[in-house]
Amino acid sequence: MNRPVLIANASGFYGDRVAAMREVIEGGPVDVVTGDYLAELTMLILWKAKRKDPSAGCAKTFLTQLDQVLGPALDRRIKIVVNAGGLNPSGLAEQAGELAARLGLHPKIAWIDGDDLSGRIGELTAAGHDLAHLDTGQPLRGAGVEPVTANAYLGGWGIAEALAAGADLVICPRVTDASLVVGSAAWWHGWARDDFDALAGAVAAGHVIECGPQATGGNYPWPADSAVESPAVGRPGYPIAEVAADGASVITKHPGSGGFVSTGTVTAQLLYEIGEPGYANPDVVAHFDTIRLTDDGPNRVRISGTGGSAPSGSLKVAINYAGGYRNTMTLVLTGLDIESKAAAAQAQLFDLLGGKERFDQADVRLLRFDRPDAPTNAQATAHLQITVKDRDRALVGRAFSNAAVELYLGGYAGFHTTTPPTDATEFGVYWPTLIPADLVTQRVTLPNGTTRTIAHTPAHTPAHTPAHTPALAPAAPAPAASAPAAASAASVRSIAAAPALAPAAPAATPATQTSGLTTGNASSTISPDRLARITARSGELNFSAGTFTAHSGQTPSGIVNAEITARSAGAGETVRAPLGLVCGARSGDKGGIANVGLWTRVDREYAWLREYLTVERFRELLTEAADLPVHRYELPNLRAVNFVVVGLLGDGVASATRPDPQAKGLGEYIRSRYVDLPAEFAR
């Protein structure tokens, strides 16, 4: 059995710190360095760049990083695996080769393609594939839109193939974020296609480290914890996953780097941008409700017990189309009569413009920051944010913003704006869908120039029963000087790629509360085989009317033969206090969907949270969700409840008019809301 593979992630998005890759390579032992650069919005940004310059369409900042680290990485036999290829993986591979030649270096470079379906949309719809929107169910066929990007999410087996063929650098297009870790670990340990538990463990590890310092104290909700765990002032370092042969991992960071790793930081990232606990990736469905977290020493958290099952047979496809043009002007309202000033300004402006109906869309939001008898001028202000969208650029360009400025002398008392007149900008619309995996051909071009096709893992394999308790891997020693005795190229070729993210829950039916391990969907309960898998992983879980009982075995929450009755926690005195006194939160976006994962630090708090925070109470806290589908999922092993709000973010960040269009602050908003909190938790 190989020792654990040490995989560091040095980029969480296109725009992350350029120096991070150099720091993780120089900071201590690693075997593989990954970089995640792609989000739904990024694909649209890369399309705009490629439209101007055919050699673009990739994350150009990676070349700056590669210039800094290629020599040391080759000297230390560190592999580099990135999805910086974006819309132009072959072009980035060529540019990386040119950079290496200028440096006098000779890395073996491989690149992957096959994700780009933008030229096949007509073919696919003509063949009867509706490409229905995952959130709304609307078919793309007949929607009257022209996609500019369409990329299937690929898995990790192409990466494993490239590394088995000796690649030093693997450039990927739109693979799933976790696939960078899955492919690297599968190569190192020689996993087979049906090693679903091990693959699921790698998905969990990859999900934790994919956003870089969000796993090491970044975006963490408890500043006091941060001060205790990481007293040194400075930015968090970047995370490392030590992935063992059975898929268990330890999340850590280089000694001396900033930030900290705790069960809290790992829990937060596990909850980031997820939906139901069955987290579907192209190569495996990872069941996050089976994950166990345990402390493994300072800045070390072990992830184990992750159950996996065969992939779904479908791949998620991220489509973007050009939605038209938009412009926003923000008017500042001060002092008294805020609402009447806002109404007057809106009426005046649209009268000048010929009415709201002239635009494809007009969005007006009154954002209240003002307070009575404010101690400063700024604290007496509110913002009237007015956004217009249209396919006619001229209509929403300076014609709109100049009209807003014309109100300066004839508008409400104290009129001013946050910016001068602005011009229109092009915006895109995100359209997530699914496609049968066998319609996508993943290819890897190896360092010797040959191309191999990567097959998809069959969706319907024989029933897979995970072991009761996977063996925990020992802490990883420093990497050896030589590469592992990994699977042969032939064995890796026999295990190929697979489908992607699971379809969203139906948007048509509002979520309802059910007992036990709920999905939040109407009439949705846990299946017997699913319960058997969770029982094998976490001990026997019995739920009834607010009581959680765990038997036989230790869960990551530390519940051993213990019964926790939620009503007992809430039976005494309550006080009106912020929900965040009892729980942390992490929130994020997937197109128009927002998720808010909330977790507690001790079992008694979780028993109360699980009982108290129903879908109905969540809607009371987030009034924007009053008429939107809300799905609720429980992850007892993480002491967590996850809420998914469909449609909160409209058509995705590129077209959203809502403040915080990626829902990054949504979790902190929910934590700030006052609830009837048991007094013992408020002390």
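Which strands does helix α7 (residues 179-189) lie across? In this predicted model, local features need pLDDT of at least 70 and side-chain atom pairs count only at pLDDT 80 or more, while totals for chains, interfaces and linings use all residues. Residues are numbered from 1 along each chain as its sequence is written, and side-chain values use heavy atoms, with hydrogens and water left out.

Helix α7 lies across β1 (5-9), β2 (32-35), β3 (79-82) and β7 (239-243), and runs at about 160° to β1. Contact here means heavy atoms within 4.5 Å; angles run from 0 to 180 degrees between N-to-C directions, on axes fitted to C-alpha atoms, for helices over the stretch in contact. Helices (H or I, at least four residues) and strands (E, at least two) are DSSP runs, numbered from the N terminus.

Those strands belong to an open, mixed sheet of 11 strands, ordered β11-β12-β8-β7-β1-β2-β3-β6-β4-β19-β20, where pairing takes at least two DSSP bridges between two strands. β11 (292-295) and β20 (451-454) sit at the edges with a single partner strand each, so one side of each has no neighbour in the sheet. Neighbouring strands are turned by 20° against each other on average, ignoring direction.

Helix α10 (residues 263-270) lies across β11, β12 and β8 (249-253), running at about 155° to β11.
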